[in-house]
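Let's take a walk through a protein together. Keep the picture in view and follow along as we go.

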Amino acid sequence: MRFNNDLYWALADLYPEMTVRSLSRMMGKSDGYWSSVNSQKMAVPNAALVQLLDALEFLDGRTDPYAQKKKRIDEVRAFITDELIARFHEKTGIDQTGSFQSAQKDPATHYGALPFVVSNY
């Protein structure tokens, strides 16, 4: 629940006009989705977070590249990405935070294939 709360306030700081209904729509869900998830004390599902990342990517593309808001959007996107990686690690035990370039320098460090990719356009 801490992540949900931190996410909401990070987005509310970024978009003061945002409501729980507009946040639900940014996640590709119905208007009452955010309220429902939080009233049930559930973590926001990964699929909704990925949809939110896509929405933030779109909004990022419409923001002046030198604006302070762009930096804040990038911070929120990194916050969401870190949560997705942490969830994956918790579920699988596979650490995805390592550097793949170090595997070329040190053959003992092998990370294998990525199980998912978070990309930017």
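Here is a tour that goes from the overall fold to a few side chains.

First, some ground rules: this is a predicted model, so local features need pLDDT of at least 70 and side-chain atom pairs count only at pLDDT 80 or more, while totals for chains, interfaces and linings use all residues. Residues are numbered from 1 along each chain as its sequence is written, and side-chain values use heavy atoms, with hydrogens and water left out.

The chain has six helices and zero strands. Helices (H or I, at least four residues) and strands (E, at least two) are DSSP runs, numbered from the N terminus. Of the 121 residues, 31% are buried. Buried means under 20% relative accessible area, exposed means over 50%, and partly exposed is in between (1.4 Å probe, protein chains only). Now look at contacts, meaning heavy atoms within 4.5 Å: among those between residues at least 6 apart in sequence, 54% join residues at least 24 apart.

Let's zoom in on helix α1, residues 2-14. (The expected span is 1.5 Å times one less than the number of residues.) Which residues of α1 are buried? They are F3, N4, L7, Y8, L11, A12 and L14. Down the axis of α1, these buried residues fall within an arc of 160 degrees, so they line one face of the helix; the arc is that of the directions from the helix axis to the C-beta atoms. The cover over them includes α2 (20-26), α3 (33-39), α4 and α5 (68-92). On the face turned away from the buried side you'll find the exposed residues R2, W9 and D13.

Y8, W9 and W34 form one aromatic cluster. Rings of Phe, Tyr and Trp (its six-membered ring) pair if their centres lie within 6.5 Å; planes under 30 degrees apart count as stacked, over 60 as edge-to-face and the rest as tilted. The whole structure holds three aromatic pairs.

Last stop: D60, in helix α4 (residues 46-61). D60 counts as buried because its relative accessibility is 8%. Its side chain makes polar contacts with those of K70, at 3.0 Å, and R77, at 2.9 Å. A polar contact is a pair of N or O atoms within 3.5 Å; within protein, one must be able to donate a hydrogen and the other to accept it, and residues adjacent in sequence count only if both atoms are side-chain atoms.

Key:
The expected span of a helix is 1.5 Å times one less than its number of residues.
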